[in-house]
Amino acid sequence: PGHADAGDTSIPSPVPFLSSNAAAVTAAVANSESSHWSLAHSSAIYRIDEWGAPYFSVNSSGNVVVRPYGTGTLAHQEIDLLKIVKKVSDPKSAGGLGLRLPLIVRLPDVLKNRVESLHSAFESAIQAQCYESHYQGVYPVKCNQDRLVAEDIVKFGAPFRFGLEAGSKPELLLAMSCLCKGNPEALLVCNGFKDAEYVSLALIAKKLALNTVIVLEQEEEVNLVIDLSNKLSVRPVIGVRAKLRTKHSGHFGSTSGEKGKFGLTTTQILRLVKKLQDSGMLDCLQLLHFHIGSQIPSTALLQDGVVEATQIYSELVRLGACMKVIDIGGGLGIDYDGSKSGNSDLSVSYGLEEYASAVVNAIRIICDRKSIKHPIICSESGRAIVSHHSILIFEAISATVNTPAMNQIDLPLIIEGLSEDARCDYWNLSDAAMRHENETCLLYADQLKQRCVEQFIEGSLRIEQLADVDGLFDLVSKVIGAAEPARIYNVNLSIFTSIPDFWSIGQVFPIVPIHRLDEKPEVRGVLSDLTCDSDGKIDKFIGGETSLLLHELEGNDGGANGRYYLGMFLGGAYQEALGGVHNLFGGPNVVSVLQSDGPQSFAVTRVMPGPSCADVLRMMQHEPELMFETLKHRAEEFHVDHDNDGTNYATLISSLARSFHNMPYLKALSPCSYEEVHNAAAEFGASEDEQWSYCYA
């Protein structure tokens, strides 16, 4: 209805599914809502003030900004993420760095604030409760082993005796090297499975005057430590990991409890004490370690675990061990969805202050009751330290189309090829539309669509007719208010590489447009990545949503040159280390950004380019130099000398070299001809050798 000529009697008279008056009212409401859209609305729908405080907010331009010093950040110190993207992605000729997205933005100022805030929370609790020892944490490098991250944490934590934790031999080497520049009292906690080489390395660290603790996680490890320490003439400091009964039921609690992967039972601990005593090394046992699991949801559960562990600690003191440190492990959680809930893997019901107060209180009460000296409190809080300081920024490059307008659907073409049953469905649909019977409309539209699909499969309906029927069904669904399917936004990203926890364990992170937040987002969308894999999509978001409110891609977006940028936040822990190279998409470019007093409020202090196509090929044992030579000889063999578009042999070889050199991700370019691409490739240099050396520079 509403499409045929006025004199055409083969279909009903023009009665649109939605009256012009209703359409006008709907448009007016939409315009009214849009005109009153505020930054507060955007902050609310994306929960920025909940999960982002105190480090992220929205400025008056509608862009997400970083508050690098948390609550102590002044207005002029805020860093606009869109300006960072512009600085990084603009060509060098325009003053930019000429890098492609996706991009990881690291913020050392935020990292420093997290270390300081964690220490401050424990110091405040210690003073308030008259606790008679101190706190000194360690950072578990498995959360993010990047050199700059580890070095920064050691530097920022030096005034607080902040140390590192390692769980493997490479991590131990990393920690040893970093701590050479740290506080001499900083702990080097050696966790994980151990062989003779691991234990020897830890003992060497002790010889190098690093404050090393070898934590026994398996009972047989004590024999290695006793034997090797005697051979190397090193008096070790030993810790033991207790397998507690306390555990939480969420996904991250699987490493705790009596059936946990690590730790010793009470029976095993007693045997270990006996072995150390018999070897004259019981005084070496100085630390008790436990771990309830990551993302501990509540302080009540936390206190249960700390109380149980402190009881074990006090018993070790009674048995003659020279106990000094209680290591509460990790578990300090992140509020990924801003719900402040203790009933979800995505949130926690406490802050830093409540966490520290609960730990100090539980240890103090037990130790006072047993008349035991208060131990040094150590924690291995990795997720809570590094999550906020890293932001993944990527671009939506295209999206599926909207529901077609009525004048785009050729109704006579549809009717022309319909079977008798399908034609009846069409007439019934038309009658129901005239009577404004919405549910009946949807019923007959669905029947019509299914019959037409059957006809198409049989070969009696053309693809043009089927497309029009699909469009008609979508239009009917939209007009009567049926839930419109979420549109697919294609993003220049590999989820497997950059957000592996989403794919592997369903971990949800806050994802937000980093600009245009002064505009109303009108589209429900899901995100689809570049990989040729059906799992390469994000269709779960914070708040239990299966789609994300997004803006239309087309049009002027206020300074981003028509591009649409999204940010994934709180992903600084684990994602870079766990990411793979599925479809040979390597990691993104990485920049470090510090707050500065310049006009932009920031300075890019370090750039770490992501792997090129050649780099990821090498990871899979390919040899890019030989591949290049093979392709070059192939061009010579087939006499590729002068193509129809004017491209010559030298330019073609330059283009190949450029392809090896560039990142695997899509490059944002304005439409250009094939010739322009080759002209750009030819800019590498005068000779093939120069071009190839540039490719591997």
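Q: Which residues touch the most other members of the largest nonpolar core?
A: In this predicted model, the largest nonpolar core holds 150 residues. As a general rule, nonpolar side chains in soluble globular proteins tend to be buried together. Within this core, the residues that touch the most other members are Phe 122, Leu 285, Leu 316, Leu 527 and Phe 569.

Q: Which helix gives the largest share of this core?
A: The core draws at least three residues from domain 1 (37–107 + 388–402 + 484–612) and at least three from domain 2 (109–384). Its largest share amounts to nine residues, and these come from helix α12 (residues 352–370).

Q: Which residues does Phe 122 touch, not counting residues up to four places away in sequence?
A: Phe 122 is one of the core residues that touch the most other members. With residues up to four places away in sequence left out, the contacts of Phe 122 are Tyr 135, Ile 328, Tyr 355, Ala 356, Val 359, Val 360 and Ile 377.

Q: How many residues are in the second, separate core?
A: Apart from the core described above, there is a second one, whose members include Leu 418, Cys 441, Leu 466 and Val 469. The number of residues in this second, separate core is 19.

Q: How many disulfides does the model have?
A: A disulfide is counted where two cysteine sulfur atoms lie within 2.5 Å. The sulfur of Cys 180 is 8.9 Å from the closest cysteine sulfur, that of Cys 178, and is therefore too far away for a bond. Cys 322 is likewise in no disulfide, since the nearest cysteine sulfur, in Cys 284, is 9.2 Å away. By this rule, the count of disulfides is zero.

Q: Is Asn 492 buried or exposed?
A: Asn 492 is found in the loop between β14 (487–491) and α18 (495–498). A residue counts as buried when its relative accessible area is under 20%. Because the relative accessibility of Asn 492 is 3%, this residue counts as buried.

Q: Which residue has its backbone oxygen 2.8 Å from a polar atom of the side chain of Asn 492?
A: Not counting residues up to four places away in sequence, Asn 492 touches several residues, among them Leu 101, Phe 394, Tyr 665 and Leu 666. The backbone oxygen that lies 2.8 Å from a polar atom of the Asn 492 side chain belongs to Leu 666.

Q: How far apart are the end C-alpha atoms of helix α23?
A: Helix α23 (residues 649–661) has 13 residues, so at 1.5 Å a residue it should span 18 Å.

Notes. Residues are numbered from 1 along each chain as its sequence is written. This is a predicted model: local features need pLDDT of at least 70, side-chain atom pairs count only at pLDDT 80 or more; totals for chains, interfaces and linings use all residues. Side-chain values use heavy atoms; hydrogens and water are left out. Helices (H or I, at least four residues) and strands (E, at least two) are DSSP runs, numbered from the N terminus. The expected span of a helix is 1.5 Å times one less than its number of residues. A nonpolar core is a set of buried Ala, Val, Leu, Ile, Met, Phe, Trp, Tyr and Cys residues joined through side-chain atoms within 4.5 Å. Buried means under 20% relative accessible area, exposed over 50%, partly exposed in between (1.4 Å probe, protein chains only). Domain bounds come from an automatic or database domain assignment. Contact means heavy atoms within 4.5 Å. A polar contact is a pair of N or O atoms within 3.5 Å; within protein, one must be able to donate a hydrogen and the other to accept it, and residues adjacent in sequence count only if both atoms are side-chain atoms.
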